[in-house]
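This report describes the fold and the packing of one protein. Please look at the sequence and the structure first.

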Amino acid sequence: MFIRKLIGSLVILVCAQHAHGTELAPYVDGSKKFVLIENTDRQAEAWGTCAAAYDVMAALMASKPNQAQYFSDLGNGASMAVVMTHVSAGLDPDMEPAQFNALWNYSKTLAETIPETQRTMMLADFEAFGEERSSEFVEKVGKTVKICLSNLEGQQAYIDAWRDLAKSGLLAIPGD
């Protein structure tokens, strides 16, 4: 019931904002493709923000289980992009196994903490917006997801790179 109200309010708000010219900024900068962000930490934050936005969208779509699962899966992929952003930047041909393991473990930690921090920030916004402005929150998350979806090619490239590393025997399967 609450989700339907949020979605219904979103439609009304979007129409009203276009009439008033008010614009809500998304949670992530979409001015360039994420893979072109040179600073590794900023790129990882962009992917982590997507992971959080996809998770929030999955929660908003809870009444539609297949769509919710789709967004949850996208969130998992964005978390993997966080890992691979740091692993790709930190790989060195002369790297010792212990150094690689440290890089891998550090990167996996970031894949958990960055999305968690971003999700907390988004949910804090939801609380700050309050129920009367919840449609603004949904709009902001929706704009973020749209930017994230426009970066799926880069996300898939990182997933493919992870698969290549896993096939090489350098990695243990996640959760090991």
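Axes are lines fitted to C-alpha atoms, for helices over the stretch in contact, and angles run from 0 to 180 degrees between N-to-C directions. The model is predicted: local features need pLDDT of at least 70, side-chain atom pairs count only at pLDDT 80 or more, and totals for chains, interfaces and linings use all residues. Residues are numbered from 1 along each chain as its sequence is written, and side-chain values use heavy atoms, without hydrogens and water.

The protein has 6 helices and 0 strands (DSSP runs of H or I, at least four residues, and of E, at least two, numbered from the N terminus). Of its 176 residues, 41% are buried (under 20% relative accessible area, 1.4 Å probe, protein chains only).

| Feature of helix 2 and helix 5 | Value |
|---|---|
| Angle | about 125° |
| Distance between axes | 9 Å |

In contact (heavy atoms within 4.5 Å), residues of helix 2 including Ala53, Tyr54 and Met57 meet residues of helix 5, among them Phe137, Val141 and Val145.

Methionine 84 touches Trp104, Tyr158, Ala161, Trp162 and Leu165, not counting residues up to four places away in sequence.

Technical notes. Buried < 20%, exposed > 50% of the residue type's maximum accessible area, 1.4 Å probe, protein only.
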